[in-house]
Amino acid sequence: MKIFITGASGYIGSSLAKYFSDIGYKVRGLIRQKQKFKALQAINVTPILGNLDDTELLTKEAHYADIVINAANSDHLLSIQTFIHALKNSNKLFIHTSSSSIISDDARGEYGNKKIYTDEMSFTPIDIRLKPVDINNAVCIAGVLDGFKTAIILPTMVYGETLGLPAVSNQLQRLFNQSRRYKAGAYIGKGLNEWSNVHILDLVKLYHLVIQKKPSASYFYAENGSSTFLAIAQSISHSLGYKGKIQSWPIEEAIKKYGNWAQFALGSNSIVKAVHAKELLNWKPQFNSIHKWIKTTKIQ
């Protein structure tokens, strides 16, 4: 079985590449930096140099592969349109990696929102999350109308040691970085906002189940627990030796540094339940404590 993975040097992408290579799949991975060739080759993955704007390359790889997994930029419309066109009437499988941030609000850390979204619940995205929602819809429609199978996986806050190349969750890395600057666990606003979370190994196993069962036009939140950002800040503080000391990070400063990504990734609420994954695919995640992991690691 041949798999083509975009974002193959990233946290999710390289973990997928290593996992599938280890169990006998032939994996080709798209990367933008030639200096990472040897690292990918070391985990038995064939590196493909290019980017998401190279429609000719993406089309060629989609034609060659049996399965295409997009684990790169979930907001990149051109690449998704390219894959949809290339895979039409092929009966192959396309898995698009989205994010539970599509149901995020604009809390800016000031309040919690206990509303829990399941896979089939409707929602109204905030303006800065409209594009990925439109992309998800296009992928779902293609899985019904265009003669190939599609699935969308929506990770929550991902944690755990990478299975592949050195990489970590953007959310946790940036919280760790800011905490080092403060010498205290950092959180946005009052830190009352809450996100669901999932361990990287459990997440990768969900992709494997999708490949095995191939449910088309399907939609899977990936989670096994949740936490407020205030509690995450406290765990980071203990991890870094700050003995529980925490400090608020003004949302304006975070947005100035990271753009509106900070608004929906660090300041929002995003609580979901993985109903489809657990009930339709019999996904059984094994890890349920992001705090235990944070307290025993030091993300650089």
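**Pockets and helix contacts**

Q: How much space lies in the largest pocket?
A: About 1200 Å³. A pocket is an open set of 1 Å grid points that take a 1.4 Å probe, with protein on both sides within 12 Å along at least five of seven lines, and lining residues have an atom within 4 Å of a point. The volume is the space filled by probe spheres set on the points, joined across faces, edges and corners.

Q: What am I looking at, and what gets counted?
A: This is a predicted model, where local features need pLDDT of at least 70 and side-chain atom pairs pLDDT 80 or more, while totals for chains, interfaces and linings use all residues. Residues are numbered from 1 along each chain, and side-chain values use heavy atoms, without hydrogens or water.

Q: How do the residues of the lining of the largest pocket divide?
A: Into 17 nonpolar, 19 polar and five charged. Ala, Val, Leu, Ile, Met, Phe, Trp, Tyr, Cys and Pro count as nonpolar, Asp, Glu, Lys and Arg as charged, the others, Gly among them, as polar.

Q: And how much space lies in the second largest pocket?
A: About 160 Å³. I102, D119, E120, M121, S122, F123, V133, N136, N137, C140 and Y219 line the second largest pocket. By class, that lining has six nonpolar, three polar and two charged residues.

Q: Which helix gives the most to it?
A: Helix α5 (residues 130-145), with four residues.

Q: Where is C140 found?
A: In helix α5. Leaving aside neighbours within four places in sequence, C140 is in contact (heavy atoms within 4.5 Å) with T150, I152, A217 and Y219. The C-alpha atoms of C140 and I232 are separated by 34 Å, and the two residues are 92 apart along the chain.

Q: Back to α5. At what angle do α4 and α5 cross?
A: Roughly 0 degrees, with the axis of helix α4 (residues 77-87) coming within 11 Å of that of α5. Axes are lines fitted to C-alpha atoms, for helices over the stretch in contact, with angles from 0 to 180 degrees between N-to-C directions. The two helices are therefore roughly parallel to each other. Under 35 degrees counts as roughly parallel, over 145 as roughly antiparallel, 65 to 115 as roughly perpendicular and the rest as oblique.

Q: Which residues meet there?
A: L77, I80 and I84 in α4 meet K131, I135, A138, V139 and A142 in α5. Seven of the contact residues are nonpolar, none is polar and one is charged.

Q: New topic. At what angle do α6 and α8 cross?
A: The axes of α6 (residues 170-182) and α8 (residues 229-239) cross at roughly 60 degrees and come within 10 Å. α6 and α8 are therefore oblique to each other.

Q: Which residues of α6 and α8 meet?
A: Q171, L172, L175, F176 and S179 in α6 meet F229, I232, I236 and S239 in α8. This contact has six nonpolar, three polar and no charged residues.

Q: What about the axes of α1 and α7?
A: They come within 10 Å and cross at roughly 60 degrees, α7 being residues 200-213. That makes α1 oblique to α7. Y11, I12, S15, L16, Y19 and F20 of α1 make the contact with I200, L203, V204, K205, Y207, H208 and I211 of α7. By class, there are 10 nonpolar, two polar and one charged residues.
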